Every structure is written in C-alpha cells, then in structure tokens.
Amino acid sequence: MSSFNRRSFLSAACAGGLATTFAPSLSFAQTAGDRRFVFVLLRGAMDGLHAVVPVGDPSYRAARGKLAYGAGDLNPLDDLFSLAPGLSPLAESYRSGELMPVQGLAIPYRTRSHFDAQSILETGLDRPVGAASGWLNRTLEVLGGSTSTGIAVGGSLPLSMQGRVPVATWAPSASRAGSEGFIDDLAQLYNLDPVLADPFTAALTLEEQAMVMSDGSNRSRRGLAQFEQLFAATGRFLNAPDGARIASLEFSGWDTHAGQGMAGGTLDRRLQALADGLLALKAEFSAQAWSKTVVVVTTEFGRTVAANGNVGTDHGTGGAALLFGGAVRGGRVLADWPGLADRQLYEGRDLRPTLDTRQLLKGVLAAQFDLRRAELDSLVFPDSRAVLALGGLLT
Amino acid sequence: MQIDPNLRALNRFGLGARPGERSAIDARAWLSRQVRPEVALLRDPNLDSTQTIINDLVRLREQGKRSKETRQAVRQAGRKRAGDEMQAALSHAVTTDAPFAERLVRFWGNHFAVSMQSEQLVGHVAGAYEREAIRPHVFGRFEDMVLATSMHPAMLIYLDQVRSIGPNSKAGSRNGRGLNENYARELMELHTLGVDGGYTQTDVEQLALMLTGWTVGGVFRGQSNNKPQPFMFLDRVHEPGAKTLLNRRFAEAGVEEGRRAISMLCQHPATATFIATKLVRHFVADQPHPLDVDYIARVFARSNGDLRAVSLALIDLDGALHGEQRKFRTPQEFLIAAARALGLKTLDRKAVRTLQSMRHVPWSPSSPAGYSDTIVDWADPDSLLRRADLAQQLAKMMRRQSVDVRAILADTVESSNAKALADLIAQQATPQLQLALLVASPDFQWR
C-alpha cells in the first residue's frame, strides 16, 4: 500500500468534493505543527470527588459519608487534595510535573441532563442549542483545515469533532483478520475513486500503525482493557511524524448511581484503567514529541457530594479534570476550592463550580497552538469574550 | 460514463436497485406513480399507536408508583419497542416497492429529528412518531407535518416543550419555574426558517410564550388527573396576554396561538428556501445549485407547501436523473441498498447493531439538527472499512443460495470503472466473495 500522507488525504479530499468553506480570517491561521492535543471525554459524569479527593477539607468526612476515604488510602498531592487509589500510577507524573489535576470546574450552563451537558461541553456553547459542529473541529478549522489533522479514536465521531473539516477515524475491529486478500483487491478499486482513495488509504495505514496488541491484530479488547488499547493506538497515531495532531477519545461507564465502591471498587478500577491508559499513551511517544503533548481528561459534570441510598452518587455540578503531558506545567492542583461545608455547596448538594470548562480549554488551546484571542472568543468558543483563558498551564 | 436514468432513479431517488428492475421501469413514470399519500404509510399490526404506548406507560407507573422495578420495566419496554420499530422500519425499506416515498419518509423524519439518546421516553415513541406524524404528510401539506410533529410526544419531550411554563401563568407564578425556549428555537432554526431566517432572540422568546401549555396528557408530574393522551393543552401553564412574533402581533388565543405561529412560519419565504436547499442537497448534490434551490422554493411557495407538488418537481431538476454529481450513501442508505441488491427480505437486530458501529442508528442523532446529509461526515477511514466488514457479513448470509453475481452487478451498480470492477469481481474465489466485493466496492457507496 502506498505510504499514507495526511496532507494529501485532506487536500485531495477537498479537491474531490469534500470542499469546506472556511471563514475569511483563516488565511493567516497557524498550523498545528508538531504540537499534539488529546481530548478525552468521560461520558456519564465521572465523580471528581472520588478521583481528586479533597480529603483535607474539614467537612470532607461528614459531607461524603459512606464514600469518604481515609487519608491513609490515598496518594497525597498537597494539604488539601490526594489522588484516588486507582490513580496511583499517575502519582509519579504529578511529582515530575506532567500531571495537573483540576477541581471545581463546570460547563457554563446548569443542567443535570447528561445529553444537554455533553452537548454543551462538545459544542463549546453556553446553552443546549442545536449547533451542529464541535469546538475541536472548529479548532482544526482555525488551524487551517488542510494542514492540520484530527482523528477520532474508538468508533465514534463525537460532536466535538464534527464540523466542516474532515477528520480521520479509527476503531479496533474483530472481523478483518483473514480477509487481507479481499482488502487488497478492494484497495485496487478504491484507488480508482478520486474522492474515496485517500480516506481508504488512510484507513489501511491507521490499521497498520495501530497494532498495539501482542497478537499483532486489531481485534477489539473488551471491558477495561479497551482503555489501554485505544490510548496506545492514539499515542502511535500522534507520535508519527506525519500523523494526526489532535485526537479525541471517549469512554462511557462513569454514571455511578449505585455501588460506586472504594479502593478497588467499581469506579476505582475504572480510574485505574484510565491511569494505565494515559501511561500507555505516553509510552508510544518519543521524548521530543511527548514534550509537545497535552492531554485533557474531563467529563460533563460532577456528582452529588453526599452518597445516595445506594452508596452511589447522583448527577451534580462542579467536577474534576486532569491535564497530563510533557507540555503541562503540572505538579500542582488547579482549584479555587469552594469547600464542602453545607453552606458552601451549590443548591445544598453539589460542589460549587468555580471554573468554566471553557477557561481551561481556551488556556490549553491558546498556549498549545498559539491561537489568537479573537479566534478563541468567536470561532472556537462562540460569544465567549467574557470567559478568560487561564494562563500558565503549559510550558 | 453513460448515465442511465432508470438506474439513477432506482439508486438516487429510490433506496437501491433490485435485480431486474433497471430494464423494467420508465424512470419518470416509476417515480411519479409513487407520489400518492397512502403509499407512504406503514401499517404493521405488531406496532402500537402512540395512544396505546402512552396508556401502557401510565399503567406501568400506576402499578409500581415510583419504584426501582417500575423504572426498570419502563426502560425495558422502551428498548423492546425501539428495537421492534427499527427492525420494522428497516425491513420495510428493504422490501418496499415504493422506495421513493420511503426515501422521503426518511428525509422528513430526519428533518424533524428526535433522538432516543436524550430522554428515555423518546425511545418509546420515536417509531410511532415517524408512523403517525411524518408518514401521513409526506405527500400532504408541509404545515400539517409541522403541526403533527409539534403535537407529538416524541417532539414535545425531546425538545423540552413539556417543561416550558409561562412565567405569568397560574402554574408559573405558583412554583417559580419558567420558560424553556428549546423547541421554539429549533422550530424556527431547524424546522422552518433556517438559522439565517431573520428571527431574533426576542422572537424565540415570544414563540416560546405562545407555545406554553402544549404538553403530553397525563404523563408528567402534577397531571395524574388528566387523561393519558399524546397531546394536551394546559391552560394553567399558558402565558396570558398578547405576543409579537416577527413583527406581527398575536392576541391572546390559548392553544390557537401556537397553531397560528406555525402557520405563519410555514408561509414565510425563508422557509421555502430553507426546505428547498435541504431537499436539493439530499437528492442532487452536497453543494446545491442556486437555480435548483430557487426552482424548488418557488414550487413550495406557490403551492403553499404542497409536498406532492414539491416531490414531483424534484424529479424534474436538471441534475436529478442525468447530472455528473453524485451523492455518497449514508450508512443506513448503504445497508438498505446492499440488502435490496442481494434480495434480502428483512434486516435483523444484528443489522441494527452494525448501524451503531457506523454511527447511524435510526432516531438517535447527537443533535436536533438530525444526521448529516453530506459526505464529509460519512466517508471517514474507519467507516469505509466497516462497510467492507458489513459487505462480507451480508454476503455470508447468501451462501446457501444460488446467485447470479453478474446480473446483480449489471442491474444495481453505476460504475465509472466498470471493467476493472467486473474483472476483479470475476477473480474472486467464491460467489460469496464476489458479492462481498461488489457491495464493498467504492462504486456501491455512491447513489
């Protein structure tokens, strides 16, 4: 198979009818260059208080009830916060400055509906209206569309990645083993199609690049093992010199209304799979490429502070995120901590949000891709001039 | 490439040619014969009406109050219904002799999109919504279709109309809950005027006020005294007083306000252009030609939104049966066309799962804008390989039947590289692989 070149894929795609309409200001746009960005969405609302644990808050034990950890179960980060047992693999990354946990952030609109909250998080708007494109795709657009590249990993094309710029996709699949001859013949036909030749070539190249499993196949792994497979494949795609520069990943299963568990329990095992996955991603990078990489892990909202009657938690407001990567100025927790005492809670039940998710994302994008304020305020996150980007997040 | 209007009609306006049809039809006559209201209906004794579904829901809840078991039972019932409805709709698409009508059903269903991803209750009624609010109006008046969707539980729930309360209504002043603009906004932005249709935020709010009181009967909190019914107007939720929409003043008129607003929106010139643009994009090209859009918009406006006239006008567009431009099949279109080419009679639950891996499950778009209708969202690398997987899977189902692969090729595929395709197919070791390559081929991805 001819070697795969993202640039020719996208430019040919445009010439062949995937033409995109770019805003006029884009002619001066920056390109992604060698900076890498990964957006990881934990669908279902990950319980931030069970991940980046405010064990040092005087109200923690009383507010959390049956779901309160003892300080001895956790990995201390500072006087206030500790990492959950499952996130232990990332403790070393915190010490070396590659991890920055974030607490108390929320989307700009108050809703406890997964669908609305995810839609707001992904469109980058401030209310749940029917925008048909996402902020990741608009970032690609600002970065020049044809010279920067995005990939959605894992079998979905999330709303955040939908829009005018074509993006690559890859997902593991069981059924391709043993049909190599068939695929080769098919490739001959696809090569004759001026529009579809490039995406098909891209598909075969990604298939070859992925192969992260020991049996040399892309058979899809089940359950928690998916994390490692998808993260490692993403690492390979982004590490490649001519590979994608912006990737999206998503994992569901965080909606822990019952039996959330403590160390080694349902949620904690999932956090551990996430931590192992993040390290598997890092392992695929060269030192040089890793130093220019940032991963943002976030979720649509937090969960109730108190445990519910089923030792789980219900839909809440303020939540947590992780910034991870060689480009992160980590080794600290980013939080304007609102506190867990009754009077400090939002609507008497949730962590009060003190940071707009867009402030974090704008800060990362501005630093990572030198995006200009006007682009961030109007194109990537429309009508967000009043939402100030956080500075000092990245090296 | 020689364009055969018959094959174009079957693939582009239908849902994919079946062996034998190409030489047996006359493109225009075949298409116009399908433009009859009764042809677009789906009558299946195994599928329940919206009224029955709502009765069931209310009964389930009354039995168990608000227990966990009840919630589980409701969820299960919803999943089963959604599965049955999808299978019925897909199987109908595979076997129908009026695939032009069926394509229009799918177009309009997606235009007035609801999504089971949002609210569990939408899953119960999404299939019934298509059968009762979309199908009867596909060759009727556009305004009637808008009204039918606006009064159906699927839409009332999906776009939060059931939560909207007039701030100065009896209900609003009592509990301090308020207006929800979601449906009012999408009714203008996505269903009628289009995003550039010239309305303002004030118009959105005014339309939302006009629509307060529109809800589902007997299902939601505080309404248990009301009879379960798909649509109900609650006067105590309705915002009193006059409203102004698009510079026109509307006197207080209860439920009539919403109807009058919808009627005005449907007659607005922006609506004609918006609908025409989407139709031309669907049938002719991702980048619709302005003259084509103008023509369809004129027919729409002059006929006062008569979708029979509009559907017939589509066939007459220059690019319709002859143009060089082609449309890339969406995953559902691909699956249905493949099944028709292979002569399958039904699609099972496995096929629905395949659609999930291709991000195109019926009634499940990630936004109220519905699923995309352009190649940029469907021709991504992973999706092309998934189509190849599905082609092999479908061909496997044919292994016990004798098939004439050459006839299927000649009758269903419009190829720009006909010789290369025929040669490679002939070289495959088994008829099963031959069929798989035919369906997986890039030529089969276009219509």
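Modeller: Let's begin with "nonpolar core": a set of buried Ala, Val, Leu, Ile, Met, Phe, Trp, Tyr and Cys residues joined through side-chain atoms within 4.5 Å. Keep in mind that this is a predicted model. The largest such core here has 156 residues, and B:Trp108, B:Leu207 and B:Leu279 have the most contacts inside it.

Biologist: What is B:Trp108 in contact with, leaving aside its neighbours within four places in sequence?

Modeller: B:Ile134, B:Val138, B:Phe142, B:Met145, B:Ile275, B:Leu279 and B:Leu307. There's also a second, separate core of 60 residues, with A:Val53, A:Val55, A:Phe237 and A:Ala289 among its members. As a general point, nonpolar side chains tend to be buried together in soluble globular proteins.

Biologist: How do you know how far to trust chain A, going by its pLDDT?

Modeller: Chain A has a mean pLDDT of 89, and 89% of its residues reach 70 or more. Residues 1-29 of chain A are another matter: the pLDDT there is below 50, and the stretch has 55 contacts in the model beyond near neighbours in sequence.

Biologist: What makes up the secondary structure of chain A?

Modeller: 12 helices and 11 strands. Of the 395 residues in chain A, 61% are buried. Among contacts in chain A with a separation of 6 or more, 74% are between residues 24 or more positions apart.

Biologist: How do you know what span to expect for H9 of chain A?

Modeller: The expected span is 1.5 Å times one less than the number of residues. H9(A), residues 266-283, has 18 residues and reaches 26 Å from first C-alpha to last, close to the 26 Å expected. Its buried residues include A:Leu267, A:Leu271, A:Leu274, A:Leu278 and A:Leu281. Among the elements covering the buried residues of H9(A) are strand S1 (36-42), helix H8 (225-239) and strand S9 (293-299) of chain A.

Biologist: Why are S2 and S3 of chain A said to stand at the edges?

Modeller: Two strands count as paired if there are at least two bridges between them. The open sheet of three strands runs S2-S4-S3 in chain A, with antiparallel pairing. S2 (52-53) and S3 (75-76) each have a single partner strand, so one side of each is left without a neighbour in the sheet. Two bridges join S2(A) to S4(A), residues 82-83, which meets the cut-off of at least two. Within that pair, A:Val53 stands opposite A:Ser82.

Biologist: Which strands are at the edges of the open sheet of eight strands?

Modeller: The order is S7-S6-S8-S1-S9-S10-S5-S11 in chain A, with mixed pairing. S7 (168-170) and S11 (355-356) are the edge strands, each pairing on one side only. Helix H7 (residues 197-210) of chain A packs on the sheet, touching S6 (150-153) and S7, and its direction makes about 45 degrees with that of S7(A).

Biologist: What makes S6 of chain A a partner of S8 and of S7?

Modeller: S6(A) has three bridges to S8(A), in the parallel sense, and three to S7(A), also parallel. The cut-off is at least two, so both count as pairs. A:Ile151 has A:Ala247 in S8(A) as its bridge partner, while A:Val153 stands opposite A:Trp170 in S7(A). A:Gly150 and A:Ala152 point one way from S6(A), A:Ile151 and A:Val153 the other, and all are buried.

Note on methods:
Residues are numbered from 1 along each chain as its sequence is written. Chains are lettered from A and ligands numbered from 1 in the order in which they are written. This is a predicted model: local features need pLDDT of at least 70, side-chain atom pairs count only at pLDDT 80 or more; totals for chains, interfaces and linings use all residues. Side-chain values use heavy atoms; hydrogens and water are left out. Helices (H or I, at least four residues) and strands (E, at least two) are DSSP runs, numbered from the N terminus. Buried means under 20% relative accessible area, exposed over 50%, partly exposed in between (1.4 Å probe, protein chains only). Contact means heavy atoms within 4.5 Å. pLDDT is the predictor's confidence in each residue, from 0 to 100. Axes are lines fitted to C-alpha atoms, for helices over the stretch in contact, and angles run from 0 to 180 degrees between N-to-C directions.
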